[in-house]
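Visitor: I'd like to go through this structure with you, a few questions at a time. Can we set the terms before we start?

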Amino acid sequence: MIGKCSSSVGLSRSQFYARFRQCTGLSPRTYLDTLCCERASQLLSDPGITIAEISELLGFSAQGHFTRFFKSKTGVSPNSFRMGHIEVGRMLI
């Protein structure tokens with residue numbers, strides 16, 4: 001994916017990485033992972049969407065992959081995150 005991005009803007013892969021990091025302070029992969037975790041957090045705040053559905057919406061091939069990804073990035077499982085942020089269908093502040 002990054003190769004397609006870099007060639008579409010006329011940069012080599014290494015030039016794209018360097019400029020992306022210079023602008024954002026993050027590698028493209030870290031930036032995408034951060035966006036994915038932010039979206040997952042938003043979706044997990046909605047008790048009407050199952051974790052399996054969230055996994056599918058985010059493009060993971062299996063719920064287990066999403067669970068491992070989310071836990072590795074945030075330190076908590078999606079279910080634990082959800083239980084810590086939702087109480088009887090209301091989002092906690």
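Guide: Contact here means heavy atoms within 4.5 Å. Also, this is a predicted model.

Visitor: Fine. Which residues does Asp33 touch, leaving out those up to four places away in sequence?

Guide: With those left out, Asp33 touches Phe69 and Lys73. Asp33 itself is found in helix α3.

Visitor: Is Asp33 buried or exposed?

Guide: Buried, with a relative accessible area of 12%. The cut-off for buried is under 20%.

Visitor: Let's switch to cysteines. How many disulfides are there?

Guide: A search of the whole structure finds zero.

Visitor: On to aromatics. How many aromatic pairs does the search find?

Guide: Six, over the whole structure. One of them is Phe16 with Phe20, a tilted pair with 5.8 Å centre to centre and 35 degrees between the planes.

Visitor: Where do Phe16 and Phe20 lie?

Guide: Both are in helix α2, residues 13-24, and they sit four residues apart, about one turn of the helix. Phe16 counts as buried, at 13% relative accessibility.

Visitor: Why is the pair of Phe66 and Phe70 called tilted?

Guide: Their ring planes are at 45 degrees, with the centres 5.8 Å apart, so the pair is tilted. Planes under 30 degrees apart would count as stacked and over 60 as edge-to-face. Phe66 and Phe70 both lie in helix α5, residues 63-74, again four residues apart.

Visitor: Buried or exposed, those two?

Guide: Phe66 is at 0% relative accessibility and counts as buried. Phe70 is also at 0% and counts as buried.

Visitor: Now the nonpolar core. Which residues are in the largest one?

Guide: There are nine: Ala40, Leu43, Leu44, Ile49, Ile51, Ile54, Phe66, Phe70 and Phe81. The elements that give two or more residues to this core are α3 (28-44), α4 (51-57) and α5. The largest share, three residues, comes from α3.

Visitor: What is Ala40 in contact with, aside from its neighbours within four places in sequence?

Guide: Leaving those neighbours aside, Ala40 is in contact with Leu58, Phe66 and Phe70.

Visitor: Last one, Ser55. Where is it, and what does it touch beyond four places in sequence?

Guide: Ser55 is in helix α4. Not counting residues up to four places away, Ser55 touches Phe60, Ala62, Gln63 and Phe66. The C-alpha atoms of Ser55 and Phe66 are separated by 5.6 Å, although the two residues are 11 apart along the chain.

Visitor: And is Ser55 buried or exposed?

Guide: Ser55 is buried, at a relative accessible area of 2%.

Key: Residues numbered from 1 in each chain as written. Predicted model: local features only at pLDDT ≥ 70, side-chain atom pairs only at ≥ 80, totals over all residues. Heavy atoms only, no water. Phe/Tyr/Trp six-rings, centres within 6.5 Å; stacked < 30°, edge-to-face > 60°. Buried < 20%, exposed > 50% of the residue type's maximum accessible area, 1.4 Å probe, protein only. Core = buried A, V, L, I, M, F, W, Y, C linked by side-chain atoms within 4.5 Å. Disulfide = S-S within 2.5 Å.
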